[in-house]
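Please read them alongside the sequence and the coordinates.

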Amino acid sequence: MLFYAFYYLVSVLLLCQGTQLLGEQRNPMGAVPVELSMPNGPSRGWGRLLVLVGLVGVVCGLVSHGEAPRVSAHALSFVQGGEWLVMAAYGFWLVFLAKRVEYQAVAAASADHGHH
């Protein structure tokens, strides 16, 4: 039972993250500054991949309930391993390859802030 709980948690996490990526690219909420926003092309690709992998995971999990539990648990272990690999690749892209923010060494406002 605990296996299925973690399995569905990973699948739904990928599904929700992919949906958020696709939604933010189609209709930005405006809460993220332009210099922090993700590039359109790679974000759409990652969003589609995450949604696809999450949906495949959820569907495979639901189908496995009707099959022999011993056989399906082994098959789902491979699907979950694939989900973890996709999640690791997305994390690597997000941390090391995605758009970086260039911080300036100068203060944006004057030191006195116009106060008397």
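1. Which element of the protein has the lowest mean pLDDT, and which the highest? Helix 3 (residues 69–97) has the lowest, at 85, and helix 2 (residues 40–64) the highest, at 88. Here pLDDT is the predictor's confidence in each residue, from 0 to 100.

2. This is a predicted model, in which local features need pLDDT of at least 70 and side-chain atom pairs count only at pLDDT 80 or more, while totals for chains, interfaces and linings use all residues. Residues are numbered from 1 along each chain as its sequence is written, and side-chain values use heavy atoms, with hydrogens and water left out. Mean pLDDT for the protein is 80, and 74% of its residues reach 70 or more.

3. The protein has three helices and zero strands, giving the pattern α-α-α along the sequence. Helices (H or I, at least four residues) and strands (E, at least two) are DSSP runs, numbered from the N terminus.

4. Of the 116 residues, 24% count as buried, meaning under 20% relative accessible area with a 1.4 Å probe, protein chains only.

5. Among contacts with a separation of 6 or more, 86% join residues 24 or more positions apart. Contact means heavy atoms within 4.5 Å.

6. G61 lies in helix 2 and is buried, with a relative accessible area of 0%. Leaving aside neighbours within four places in sequence, G61 is in contact with Y4, Y7, Y8 and L76. G61 and L76 are 15 residues apart in sequence and 7.0 Å apart in space, C-alpha to C-alpha.

Methods: Buried < 20%, exposed > 50% of the residue type's maximum accessible area, 1.4 Å probe, protein only.
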